[in-house]
2 protein chains.
Amino acid sequence: MKNDFKIISFDADDTLWINETYYQEIEKEFIEIMSKYRDVVSVTDSIHEREIDNLEIYGYGAKGFMLSMIETALDVSGGNVSSVDLNRIIEMGRGLINEDIVLLDGVEETLIKLSEAGQKLIVATKGDLLDQERKLRKSGLEKYFDHIEIMSYKTEKYYLDLLNHLGVKPDEFIMIGNSMKSDILPILNIGGYGIHVPHHTTWAHELVDDIGKQDKLWVVENISEVAEILEV
Amino acid sequence: MKNDFKIISFDADDTLWINETYYQEIEKEFIEIMSKYRDVVSVTDSIHEREIDNLEIYGYGAKGFMLSMIETALDVSGGNVSSVDLNRIIEMGRGLINEDIVLLDGVEETLIKLSEAGQKLIVATKGDLLDQERKLRKSGLEKYFDHIEIMSYKTEKYYLDLLNHLGVKPDEFIMIGNSMKSDILPILNIGGYGIHVPHHTTWAHELVDDIGKQDKLWVVENISEVAEILEV
């Protein structure tokens, strides 16, 4: 399509760079550590439940994840978790915050093409403000974006606030991201467009069921297909 | 002065509502809890040092404070901190996040006067995005503000970005807040104006030495004096 979008918006974690993989590696090690106190299935269920329960109070991001692991460790061990194990959990969390940024395939070429075509690009990401700013700076991608929006939650209400703040109508806005639930569905529901770039390790919490027929949605294998779709 | 400010910006914590008091109460209880493992002076020094050291990795806010307490507890107890004590620390932190918002004296009247005079008001606060949004919503003050800016750090660079983003020049901008270091000095240094409303429990880390003679700065006892200064 010849595109008339005023703003092309990108999700960040697992759309521009690897993120969830690091969380999964740490979660795996966490479960291993805790398996000396309780069976693997109980530990796995407990950490997943705790993460979801804590989203409302802690939001997304590494610090909330650290606190969820610590709370789960105290809980599933019946208070017997050793300080060595707790220190290792904290160390893993701090490592996560300082993790190197590894860009996903095709990301930088796509941003260059879109920028050179004069498109206005933004990042709309959820998570911890400080973490997301740090990741964007480390990624070297800051220069391609006109605006960075860090959202507490990616719901229709928050996207409407964002569009309002940017002064664009929903059909002038397209969102590109790996999460159908956070990046695509709310945008389609408010009348915008979406390009879904599924990521192989999308978090279980982020998966949604069949979304029905949609004429404002594309699903692609690799982000490099975005430039073709938008005909730049 | 008859004011020509295009934007009047308020800090939030300890300028609009009580905040630091809650942190200090929890810190006091934390030190009491830990005093069974180590002397009070060492515990106090350790938690303060840890908080400062962790600012770069965790930023401001309740979650970073919780992690600093947990790390300090493991450290000063030589790994002997009990799970009962760790659970109490986590419980205190969660309570902090869910704390009621108590407005400071004169705040709402001042915001009403300025709003009715047609001044454009914003909040510029540092800290955790989710926490600050929640506090603002709970405060009932959201309706007086045109824009809420949550900043990772309150340095000259971040303020310049904010002014740029808002499209105003430094001398069209005045910042009102309780912290000389975070709210006033960086603004004066980039050519803006400031009204300092000292708060009785300003955090030791926030105190600065003599700032010399300044003609763009007022210091007031109570925020209600702001309306007089700005002649609205």
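**View 1. Helix 2 of chain A passes helix 3 of chain A in a right-handed crossing, that is, one in which the near helix is turned clockwise from the far one by less than a right angle.** This is a predicted model, in which local features need pLDDT of at least 70, side-chain atom pairs count only at pLDDT 80 or more, and totals for chains, interfaces and linings use all residues. Residues are numbered from 1 along each chain as its sequence is written, while chains are lettered from A and ligands numbered from 1 in the order in which they are written. The axes of helix 2 (residues 40–58) and helix 3 (residues 62–76) of chain A come within 9 Å and cross at roughly 135 degrees, axes being lines fitted to C-alpha atoms over the stretch in contact, with angles from 0 to 180 degrees between N-to-C directions.

**View 2. Residues from both helices of chain A make the contact between helix 2 and helix 3.** Among them are Val43(A), Ile47(A) and Arg50(A) of helix 2 and Leu67(A), Glu71(A) and Asp75(A) of helix 3, where contact requires C-beta atoms, placed from the backbone, to lie within 7 Å.

**View 3. Chain A is divided into domain 1 (7–17 + 101–229) and domain 2 (20–97), with bounds from an automatic or database domain assignment.** Twelve residues of domain 1 of chain A are in contact with ten residues of domain 2 of chain A, and the C-alpha centres of these two domains lie 28 Å apart.

**View 4. The C-alpha atoms of chain A fill a box of roughly 60 × 35 × 30 Å, taken along the principal axes.** The secondary structure of chain A comprises nine helices and six strands, both being DSSP runs numbered from the N terminus (helices H or I, at least four residues; strands E, at least two).

Definitions and conventions:
Contact = placed C-beta atoms within 7 Å.
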